[in-house]
Amino acid sequence: MDKCQFCGKPATVHMTQIVNNKTTVVRMCNECATKHGLFSKEELPFAMLSSLGEALFAGIRQNLSTQGLICSKCGCTPMSFKETGRLGCPNCYRDLKLLIDGIVDSSQKGAFHKGKKPKSQTTVEVEKILEKEGLSDSPANGNTSRRRRKNSPRSKLEELGENLSNAIKNERYEEAAKLRDEIRKLKKSEGEES
Amino acid sequence: MKDFVKKLFQASDLQHEIMPAVISSRIRLARNLSDSKFVKYACRGDLRAVADRCEKALLSYPSLKNSDVINMSDLQEYERMALVERHLCSQEFIVDTNEARLLLADDRLISVMINEEDHLRAQVFQSDLNFRGMFDKINGIDDHLSKNLDIAFDAKYGFLTSCPTNVGTGMRASVMLHLPALVITKQMNNLILAVQKLGFVVRGLFGEGSEAQGNLFQISNQQTLGLSEVDILSRLTQIIKSIIDYEMNAREIVKKERMVWLCDFMGRALGILRGCYLMTSEDAINGISLMMLASDLGYLPNALRNDLAQILMKIQSSHIQVLANKLLSDSERDIKRAEIVRDFFATVPNLRFH
């Protein structure tokens, strides 16, 4: 008969724990099991840990934090990621965010994307900015006709708007910021005039 | 020999301006379609659909319309390996060839792997350090793709990739350097550590996990998130320029302090290259590397540098088999390799040390 790992008495309780694919078997007598809180519901998962070592504890903690995560589109889980080293689909970045943030934190120095955006994305953004600045050509904007009535400052505005749109499309953001400020200034002065 | 392989061998022998220590540079972008599973998790049908869409989008880009698209599963193993030896695709790409397609632009300086670990991995090569020109080229392709395909992108994480270590720009830029003097003066370990501290990696001839042969090293960025493409490229350029300076200094030191040893080392190497009847690829690469150094230092005509870079390509195992058009055993390859090397170096003049 197996002996209790703590006191050497005959073991009556056998506990198998699987953490990070590593199986650990703990054998103990009733007394020791109670002493380590195995039979106390509240402390069940953690009471054992001091004797199982800090490494194991860290493993459990990490697992618990990402436990239960599953990608709703492809079914990828933290476990399947650990096995293959690859994610299942773009949606994993949303549904397994906790796992991804951990990996990004340890493998990358920055946390936010600072590079280029897909062209389609930029175009959408340009339209939004133009709309916000009242420079959109869409009839819904309502100021197209007004813009064409006045000659000099309006055409200047139009020109600036076009430059702004080009600057953003070509990712010249510093120039875009300057143009945006210039547009605001011009619009403000125009407002004061009228 | 298949047509595309023939074309490959004719067109991609890079004729370029000689820049000491720089062999080639490369920029690679990883992209995925937003509505499809990543390659490792996708079924064959999904992969075929992805490949068809990507291929169509790529071929509609004006400068890619005359490209060849190769089904990797149609090739012999040694033919696939020859593409790896040319750095036109990765080693991982030839392991699982399920719906894996390779697009090769007609100038062979742009290649796109479809269904590697990401749906699209586009790369552009050049033989100098002109990252700006290269980035413009690949950026044009990328813009075209994002207009025609729904590319997976997130405002925080940037371009989404199957492995989170590539997320952000999805860009890997690398430069192949020839650093014999830093190896001779035993400076490489220090250099590797210093480069690592700056967030860049030094690898051997064939990237991840490969050994450094022929004093050839690949330096590339590790970080892909939190820096813009331009930041990454300008940092890498700065690092490469200072490594080249270190190499040039080390060459001067070796010439000054160990000239007799250097003459002996190169002289013996040329003797072996001219007289061999059996030659392993490692020995050939190391020997040719020394002759490249001799040419850089003016002990051999400078004009030989391009020919040496070409012979370095031709002596690789799969290239020899592609030329022979059949699978060869190790010793058969060593015999063929020795033949190529012997014939070439018979025409090379003697070393002239001033």
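Helices (H or I, at least four residues) and strands (E, at least two) are DSSP runs, numbered from the N terminus. This is a predicted model, in which local features need pLDDT of at least 70, side-chain atom pairs count only at pLDDT 80 or more, and totals for chains, interfaces and linings use all residues. Residues are numbered from 1 along each chain as its sequence is written, chains are lettered from A and ligands numbered from 1 in the order in which they are written, and side-chain values use heavy atoms, with hydrogens and water left out.

**Residue B:N115**
- B:N115 sits in the loop that links strand 4 (110–114) to strand 5 (120–126) of chain B.
- B:N115 counts as buried because its relative accessibility is 3% (buried means under 20% relative accessible area, with a 1.4 Å probe and protein chains only).
- A polar atom of the B:N115 side chain lies 3.1 Å from the backbone oxygen of B:L47.
- Beyond neighbours within four places in sequence, the contacts of B:N115 (heavy atoms within 4.5 Å) include B:V39, B:F93 and B:E99.

**Chain A**
- Of its 194 residues, 37% count as buried.

**Interface of chain B and chain A**
- Chain B brings 42 residues to the contact and chain A brings 32 residues.
- Four salt bridges are counted between the chains (a side-chain nitrogen of Lys or Arg within 4 Å of a carboxyl oxygen of Asp or Glu).
- One salt bridge joins B:K156 and A:D101, with the closest N and O atoms 3.2 Å apart.

Key: Buried < 20%, exposed > 50% of the residue type's maximum accessible area, 1.4 Å probe, protein only. Polar contact = N/O pair within 3.5 Å; in protein donor to acceptor, adjacent residues only side chain to side chain.
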